[in-house]
Amino acid sequence: MRTRGNIFSNIDWVIVILYFAMVLTGWVNIYAAVYNEEHHSIFDITQRYGKQLVWIAASVLIILLIFFTDTKVFSTFAYFFYAVMVLILISVLLFGKEVAGSRSWFQIGNLGIQPAEFAKFATALALAKYLSTFNISLSKRRAIIISVFIILIPAGLILLQNDTGSALVFLSFILVLYREGLSGTFLITGLSVAILFVLSLLFDQMYVVIFLSGFAIMALFFIRRSFKNIARVLGILVLASAIVLSVDYAFNNFLGPHQQKRISVLIGVDPDIRGAGYNVHQSKIAIGSGGFWGKGFLEGTQTKYDFVPEQDTDFIFCTMGEEFGFIGSLLVIGLFTGLFLRIIKLAERQKSSFARIYGYGVLSVLLFHFMVNIGMTIGLTPVIGIPLPFFSYGGSSLWAFTILLFIFIRLDAHRAQLL
Amino acid sequence: MASKKSYHTRKYVITGFIILIAFTYLVRLFILQVPNNSYKLSAQNNVLRHITLYPSRGLIYDRNNTLLVYNEAAYDLLVIPAQVSKFDTSYFCSLLRISQEAFNRRFQKALRHSRYRPSIFLEQISKEDFAYLEENLFKFPGFYFQSRTLREYPLELAAHTLGFIGEVDHNNISKEPYYDQGDYIGKSGIEKSYEHILRGRKGSTIKIVDVFNREQGSFEDGHFDTIPLPGSNVTITMDASLQAYGEMLMENKKGSIVAIEPSSGDILTLVTSPSYDPNLLVGRVRSHNYEKLLKDSLRPLMNRATMGTYSPGSTFKILNALIGLQESVLYPETQYHCSGPESRPIRCTHYHQTPLQLKGAIMHSCNPYFWNVFRSIFNQPGFQDNISNAYTVWRDHVTSFGFGKKFETDIPFEMKGNIPLASVYDRIYGKERWTALTIRSLAIGQGEILVTPLQMANFSAILANRGYYYPPHFLKEYTLDGNKVEAQYGKQYSSVIPENFDVIIEAMQDVIGSEHGTAHWVRIPGLTFCGKTGTVENPHGKDHSMFIAFAPKEDPAIALCVIVENAGYGSTWAAPIASLMIEKYITGDINRTWMEQRILESNLMHDQ
């Protein structure tokens with residue numbers, strides 16, 4: 001067994017420093033977002049910034065706990081954690097507390113716990129465990145199906161809780177599968193369908209079909225014109241056209257006006273600044289008004305006076321953008337990019353494939369949250385209510401992300417011991 | 001592990017993807033934050049509320065510092081629909097004294113305007129209602145008051161002169177950017193003429209508000225706020241007690257009284273009848289009442305004193321005499337017969353000795369005499385062959401007395417009357433195809449010429465001054481930055497020299513003073529006053545009764561013109577009213593109560 005001193009000497013301090021930089025920057029923004037003159041003590045736990053300080057302190061305890069846990073526990077009990085998590089997700093469906101239409105909370109005393117947040121690390125562990133098993137290869141259909149099941153079981157349960165945002169996060173594990181050998185065709189096909197979906201809503205379906213036909217004719221010039229290839233191109237064209245036509249048909253016939261509106265706003269056909277587009281519109285105003293240097297700490301008017309909804313949770317990035325301007329945005333993007341690249345570097349240096357795969361699991365989850373959360377505040381991605389890791393207010397999400405990341409740091413610290 | 005195929009090169013694809021995302025987001029953020037100003041403006045629109053601070057409008061006083069117009073606080077009830085929560089609407093409606101339907105209509109209107117911004121729910125609530133409402137307002141979140149001021153007229157007089165204020169229209173705003181929707185502006189009378197002095201300057205304050213439009217404090221510690229500057233007070237030339245007396249005398253009569261102080265041109269009284277209570281055109285009831293007044297067949301909104309045009313009638317004979325004297329075709333001793341060939345074609349309507357000299361002719365208002373005077377002006381040597389030139393000379397004399405033009409001082413809605421140009425007669429009769437005989441009606445103040453009561457009063461003032469006048473006006477003084485500014489008006493001379501007025505004034509004194517004068521019965525014991533009656537032929541009905549006068553003869557303090565429509569002879573109605581006005585103004589009291597009683601009890605309001 002290793003001594004205490006050795007554990008700390010093997011820890012990757014770069015990633016730990018990035019973590020604390022993000023958590024503290026996040027706290028500063030929460031303070032600014034909920035700041036009011038009556039309560040200015042930062043330790044006032046009736047206020048959200050006071051509570052967040054408590055969550056941060058608790059996170060430090062969790063980190064220490066993880067550091068003193070034997071690494072074998074994570075791989076050995078990976079399926080156990082996963083099974084427990086699935087049971088908790090089922091029970092929250094049965095006994096959970098309903099908040100704003102989602103049955104996704106457990107109330108323990110004063111503390112609300114959102115199990116969906118913790119399902120992410122459990123799923124990452126289980127996936128890593130499965131894919132690192134000897135003789136499993138993602139070139140085999142059976143392995144793919146089992147992997148997809150590992151991902152979809154918790155995702156489905158969370159979807160049943162009416163928490164679409166958190167459920168979508170599980171789609172990000174496709175990145176792990178890709179890294180571990182899933183054919184790129186899956187990614188490209190998925191992406192193409194998504195693009196076709198948006199195109200057919202943006203433009204008249206006839207134009208899209210004409211465009212696709214032109215694209216197919218061009219493709220025919222560049223490929224070897226064997227019968228097989230020509231048939232393949234034409235087959236793809238017919239399939240793509242069918243998707244375009246059916247999307248349009250489904251949009252107009254199966255969706256209610258409310259859903260149609262949400263989708264229109266989402267892809268930017270309809271700005272609808274009073275209804276579904278209100279959040280994004282106000283969020284862009286807040287960020288855009290920040291300018292290059294920002295308005296200064298506690299000087300942001302849009303966030304301080306509540307023009308941006310959910311400004312301390314899902315829209316926390318607005319506070320950053322308004323009060324610290326483009327420099328602040330650069331800092332946040334920089335911190336996240338640094339974290340992601342560091343995770344890749346660490347993952348790739350793992351000798352154990354379990355640790356590597358888990359590392360990519362961590363990356364996938366964080367990257368998805370980052371992309372969607374910041375993307376929605378600047379109008380690039382649809383408004384999906386998921387928090388910005390380490391920044392957004394909330395105990396459950398902070399603890400879950402901390403556990404997710406620090407299990408990986410713990411695994412990385414252990415790598416030197418492996419032969 | 002070794003048995004597995006390694007896909008480690010895929011880390012480059014993933015790294016590339018991350019960098020692409022980071023780069024895309026940074027570019028997007030840069031575009032949003034750095035070159036783009038529109039979001040900064042939107043942010044300001046979100047949080048800054050520009051609140052207008054309305055100054056109190058200047059007060060209006062009469063020449064003796066009697067308060068004529070002041071401000072009364074009134075309140076607009078505003079609503080922010082988003083802040084309204086459930087409440088007892090029927091109680092609310094009963095408090096406001098509106099119906100449930102009216103409540104729904106107004107609330108829907110506010111909702112259509114904005115959920116988060118205030119809309120006026122009920123405007124101009126009197127301070128009595130306000131006091132009671134305010135105590136109960138806490139039961140109705142989302143509703144609050146904003147104070148405005150209303151004009152109040154304590155003496156209920158001179159509605160036309162004082163005018164009224166109303167909300168600015170599109171025209172006002174496009175002409176003067178100072179005004180915003182909902183501001184008040186003087187729409188007529190003194191309120192309109194001295195809008196710029198009375199209105200003061202609006203102030204503004206910028207407040208920071210949150211998403212629910214709740215005030216969060218002032219912007220930049222009020223650095224950009226401006227304090228409203230109260231409007232300046234205006235003192236007008238009117239004598240309120242004389243005005244009130246005049247309005248009382250004119251009750252149940254159609255017509256007007258204009259009284260001027262000859263030495264200054266100050267308008268002491270300007271009565272038009274029928275009139276209305278100025279308080280009717282204030283506040284919420286304004287448009288309703290205005291509509292009603294507009295439809296009234298007696299036309300109370302028309303200012304007869306400045307807009308009514310009449311033939312001057314016999315009073316105009318004086319002017320022809322003055323022109324004759326000035327042109328040296330008439331002397332005080334000149335005699336004409338009022339029968340026989342000289343009098344053709346105008347016969348005399350009065351019975352008196354003949355022939356008469358000028359003084360007697362004025363006293364008896366002898367038509368043939370003035371026809372002869374008129375003819376002699378046109379038949380002067382040198383003019384005989386050119387009627388057009390002769391007429392123009394005559395016309396220039398007439399207009400030098402203020403006729404046929406506007407004074408353009410501060411009198412609302414002035415009409416200029418009509419003193420036709422020679423070319424008009426050329427057009428009617430053909431060039432040089434007309435003679436003094438053709439236009440003979442002008443000799444006795446009939447025919448094409450039209451004058452306003454205001455011009456006649458000014459004429460009377462010229463007579464009192466023996467030849468000059470100050471353009472009649474209302475402004476006496478106003479305070480600007482604490483200093484009194486006195487209005488200055490230039491002296492205007494008529495074309496007739498003072499000496500030529502002597503005989504005319506003597507004659508006008510005889511009109512009242514002599515036992516044979518046409519208005520002897522309205523004399524005032526102990527006061528020499530001069531006047532001239534007029535009975536104005538009215539093609540549409542009974543003649544108008546007219547009288548011009550000034551007093552005292554030695555040092556005139558008041559000159560006036562009275563017209564009572566469809567009342568017959570000048571001496572019967574206009575003269576006693578003028579006489580009472582003079583007595584009231586000079587002695588401050590009425591001794592001849594029998595005369596006053598007769599006027600007050602008469603109803604001469606005939607529908608034609």
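The dialogue that follows sets values against definitions.

Mentor: Please note that this is a predicted model, in which local features need pLDDT of at least 70, side-chain atom pairs count only at pLDDT 80 or more, and totals for chains, interfaces and linings use all residues. Residues are numbered from 1 along each chain as its sequence is written, chains are lettered from A and ligands numbered from 1 in the order in which they are written, and side-chain values use heavy atoms, with hydrogens and water left out.

Trainee: How many helices and strands does chain A have, and what makes a run of residues a helix or a strand?

Mentor: Both are DSSP runs numbered from the N terminus: a helix is H or I with at least four residues, and a strand is E with at least two. Chain A has 18 helices and three strands.

Trainee: How do you know what span to expect of helix 18 of chain A?

Mentor: The expected span is 1.5 Å times one less than the number of residues. Helix 18 of chain A, residues 395–414, has 20 residues, and its reach of 28 Å from first C-alpha to last is close to the expected 28 Å.

Trainee: Is helix 18 of chain A mostly covered or mostly uncovered?

Mentor: Buried means under 20% relative accessible area, exposed means over 50%, and partly exposed lies in between, with a 1.4 Å probe and protein chains only. In helix 18 of chain A, 20 of the 20 residues are buried, and the helix is accordingly described as mostly covered. Across the 419 residues of chain A, 53% count as buried.

Trainee: Why is Leu202(A) called partly exposed?

Mentor: Its relative accessibility is 37%, so Leu202(A) counts as partly exposed. Leu202(A) lies in helix 10 of chain A, residues 184–202.

Trainee: What makes a group of residues a nonpolar patch?

Mentor: Patch members have over 30% relative accessible area and no salt bridge; nonpolar side chains (Val, Leu, Ile, Met, Phe, Trp, Tyr) are joined within 5 Å, whereas like charges are joined within 9 Å. Here Leu202(A), Phe203(A), Met206(A), Tyr207(A) and Ile210(A) form such a patch, with about 560 Å² of accessible area together. Areas come from the Shrake-Rupley method with a 1.4 Å probe, and for residues only the protein chains shown count as cover. Helix 11 of chain A, residues 205–222, gives the most to the patch, with three residues.

Trainee: Why is the pair Glu348(A) and Arg179(A) called a salt bridge?

Mentor: A salt bridge is a side-chain nitrogen of Lys or Arg within 4 Å of a carboxyl oxygen of Asp or Glu. The closest N and O atoms of Glu348(A) and Arg179(A) are 2.8 Å apart, and the pair qualifies. It links distant parts of the chain, with Glu348(A) in helix 16 (residues 316–348) and Arg179(A) in helix 9 (residues 174–179) of chain A, 169 residues apart. Both Glu348(A) and Arg179(A) are buried.

Trainee: What makes Asp169(B) and Lys187(B) a salt bridge as well?

Mentor: Their N to O distance is 3.8 Å, and the side chains meet in a salt bridge. Asp169(B) lies in the loop between strand 6 (165–167) and helix 7 (170–175) of chain B, and Lys187(B) in the loop between strand 7 (184–186) and helix 8 of chain B, so the pair ties together parts 18 residues apart in sequence. Asp169(B) counts as partly exposed at 34% relative accessibility, and Lys187(B) is partly exposed at 23%.

Trainee: How do you know where the domains of chain B lie?

Mentor: Domain bounds come from an automatic or database domain assignment. For chain B it gives domain 1 (49–80 + 104–236) and domain 2 (240–291 + 304–601). Their centres, taken over C-alpha atoms, are separated by 44 Å. With contact meaning heavy atoms within 4.5 Å, 36 residues of domain 1 of chain B are in contact with 33 residues of domain 2 of chain B.

Trainee: Which peptide bond joins Ser273(B) and Pro274(B)?

Mentor: A cis bond joins Ser273(B) and Pro274(B), with omega about 0°. Pro274(B) lies in the loop between strand 12 (266–273) and helix 11 (286–295) of chain B.
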